[in-house]
Amino acid sequence: MDRSKEGLMVDTLGVAVVGFGWMGRVHSQAYARVPHHYPKLGLRPELVTVADDVPGRAEEAAARFGFATAVRDWREVVADPRVRAVSITAPNFLHREIGVAMAEAGKHIWIEKPVGLTVADARAVAEAVAKSGVQGTVGFNYRNAPAVESARRLIADGGIGTVTHVRVRLFSDYAAHPEGALTWRYERERGGSGVLGDLASHGVDLARYLLGDIASLTADTAVFVPERARPTGATAGHSRASGGELGPVENEDYVSCLLRFASGARGVLEACRVSVGEQNNYGFEVHGTKGAVFWDFRRMNELGVSRGDRYQDQPVSTVYMGPGEGEYEAFQPGSANAMGYDDLKVIEAYRFLSSIAEGTPHGATLADAVQSAAALDAMTRSAESGAWVDVHRGG
Ligand SMILES: NC(=O)c1ccc[n+]([C@@H]2O[C@H](COP(=O)([O-])OP(=O)(O)OC[C@H]3O[C@@H](n4cnc5c(N)ncnc54)[C@H](O)[C@@H]3O)[C@@H](O)[C@H]2O)c1
C-alpha cells in the first residue's frame with residue numbers, strides 16, 4: 001500500500017501478459033495508461049512479467065514496456081507469486097489451458113475473445129474462474145465505446161420504442177490478400193472457427209449487449225481463399241508469405257446469420273475477413289417501433305439517432321459523444337474529441353482492475369464469453385445442417 005499525492009491509498013497489483021503480439025502490446029499499454037485516466041482507482045498495475053514463446057520477443061517487450069522479467073514458458077507465470085492478475089493474449093487454442101491454469105492458481109484473468117476454440121473451452125475457463133473466486137474479464141472491447149453504451153441506454157429506456165430488428169456487420173480485409181500467411185488463425189486446431197471467433201464473436205456480444213439473449217439462429221458459412229502459403233519464420237498479427245509451400249485454410253472466411261432474440265426481435269449478423277475495400281467496417285443498426293440507432297466503429301464517437309413520433313420521414317441526427325456518456329470524460333474534456341481503439345482497451349483494463357478492487361464484476365465476463373461461444377457453436381452446426389438451431393439448448 002502506498003500513498004499517492006492526492007492522499008489516496010493505492011494498492012499495487014502485479015500483472016503479467018502472456019502472448020506478446022498485437023493484443024499483448026495493447027493490454028500492456030492499457031495497464032500503463034489506467035492510472036493516467038483513472039487516478040482515483042485504488043489499484044495500480046505493476047508490469048511484473050511477460051511470456052512469449054518466440055525467442056527474444058518477451059525480452060524485447062520487457063525492455064520496451066518495462067516488465068521486470070521476461071520468460072518463454074507461460075507456466076513460469078503460473079508459479080510466479082508476484083503475479084496476481086494475468087492478461088491472456090496468446091492465440092485461441094491456448095486460452096483454455098492457460099486460462100484454467102491461471103485461475104486455479106488464484107490469479108485474476110483478463111482474457112481475449114473468443115476464449116478458446118469451442119463453447120466447451122469457454123465453459124471450462126468460466127468454471128475455473130467461478131471455482132477459484134477470481135475475477136475474469138473478456139476482451140469484448142466494442143461494448144466499451146461510449147456511443148455503444150449510449151445506444152444501449154437509449155434502447156433500454158424505450159427511446160426507439162419496442163425493438164423490432166437489428167443488423168450487425170463486421171467486414172474486414174485483414175485476410176483478403178492472397179499472400180496473407182497461413183498462421184494459426186487459419187487452422188481449426190489452433191484458430192478455431194475462423195471469422196466466427198475473430199469477428200462474429202464481437203458481433204454476438206454487441207447484439208446481446210444491445211438486445212439481450214439470442215434464442216435461435218440459422219447460418220451459412222464460406223471459405224473464399226482456400227489455400228495460403230506457410231510462413232517460414234515467426235509471425236505476429238497478419239504476416240505475409242509468398243512462394244512457400246501452400247496449405248489449406250481450414251476455417252471460415254465468411255458467415256451470415258439470421259437471429260431470433262428471446263425478446264422476439266429479429267436480427268441479421270454478417271462477418272467477413274476477406275472483404276476487399278472494407279477496413280474495420282463494424283457496426284449496427286437497431287430499429288424499433290418509434291425510432292432507430294446507428295453506429296459505425298470507424299466513427300465510433302458518433303451515434304446516429306432517429307427518435308420522435310413521426311414514424312415516416314423521421315429525421316436522423318448525429319450525436320457526438322461527450323462527458324457523461326460512458327467513460328468518455330476519462331479521456332476527453334468536451335464533445336467530439338475523438339477517442340480511439342486503444343482507449344477501449346484502457347476502459348477494459350479499468351473495468352478489470354475495478355472488478356478486482358471491488359470483488360464484483362464490471363464489464364464483459366466469462367459468462368458473456370460462454371454465451372458468445374454458444375452462438376458461434378450454433379452457427380457452425382446450423383451451417384452444416386441448414387436448420388434453425390436453439391442457442392441455449394444447442395450450447
Ligand atoms: N479484442 C480484439 O479486438 C482483438 C483483436 C485482435 C486479436 N484478439 C485476440 O487476441 C488473441 C491474440 O491475437 P493477436 O492478434 O495479438 O495475435 P498475434 O499472433 O499477433 O500474437 C499472439 C502472440 O502469442 C504468442 N504465443 C504463441 N504461442 C505462445 C505460447 N505457447 N506461450 C506464449 N506466447 C505464445 C505469439 O508468439 C505471439 O507473439 C487472439 O485470441 C485474438 O482472437 C482480440
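In which sense do strand β12 and β13 pair, and over how many bridges? I looked this up first. The model is predicted. Strand β12 (residues 254-261) pairs with β13 in the antiparallel sense, over seven bridges.

**Entry: around β13**

I checked one bridge by residue. Tyr 254 has Cys 272 in β13 as its bridge partner. I then looked at the connection. β12 and β13 make a hairpin, with four residues between them. Gly 264 sits in that turn and has a positive phi of about 105°.

I turned to strand β8 (residues 163-171). Seven bridges join β8 to β13 (residues 266-272), and these two strands run parallel. Arg 167 stands opposite Val 268 in β13.

**Entry: the core**

I asked which residues have the most contacts inside the largest nonpolar core. They are Phe 284, Val 286, Trp 295, Leu 366 and Met 379, in a core of 127 residues. Helix α8 (residues 195-211) gives the largest share, ten residues. Domain 1 (2-141) and domain 2 (145-337 + 365-390) both contribute, so the core lies between them.

Leaving aside neighbours within four places in sequence, I found Met 379 in contact with Leu 196, Ala 200, Val 204, Leu 217, Ala 219, Val 255 and Cys 257.

**Entry: aromatic pairs**

I noted a count of 15 aromatic pairs. One of them is Tyr 38 with Phe 331, edge-to-face, at 6.3 Å centre to centre and 80° between the planes. Tyr 38 is in the loop between α1 (22-37) and β3 (43-51), and Phe 331 is in the loop between β17 (317-320) and α9 (341-358), so the pair ties together parts 293 residues apart in sequence.

Next I took Tyr 282 and Phe 297. Their ring centres are 5.8 Å apart and their planes are at 20°, so this pair is stacked. Tyr 282 lies in strand β14 (residues 281-288), while Phe 297 lies in the loop between β15 (292-296) and β16 (302-306), so the pair ties together parts 15 residues apart in sequence. Tyr 282 is buried at 5% relative accessibility. Phe 297 is buried at 11%.

I traced the ring pairs onward. They link Trp 22, Tyr 142, Tyr 282, Phe 284, Trp 295, Phe 297 and Tyr 341 into a cluster.

**Entry: charges over rings**

I looked at two arginines. The charged end of Arg 152 sits over the ring of Tyr 209, 4.2 Å from its centre. The charged end of Arg 260 sits over the ring of Trp 388, 3.8 Å from its centre.

Definitions and conventions: Residues numbered from 1 in each chain as written. Predicted model: local features only at pLDDT ≥ 70, side-chain atom pairs only at ≥ 80, totals over all residues. Heavy atoms only, no water. Pairing = 2+ DSSP bridges. Core = buried A, V, L, I, M, F, W, Y, C linked by side-chain atoms within 4.5 Å. Buried < 20%, exposed > 50% of the residue type's maximum accessible area, 1.4 Å probe, protein only. Domains from an automatic or database assignment. Contact = heavy atoms within 4.5 Å. Phe/Tyr/Trp six-rings, centres within 6.5 Å; stacked < 30°, edge-to-face > 60°. Lys NZ or Arg CZ within 6 Å of the ring centre and 35° of its normal.
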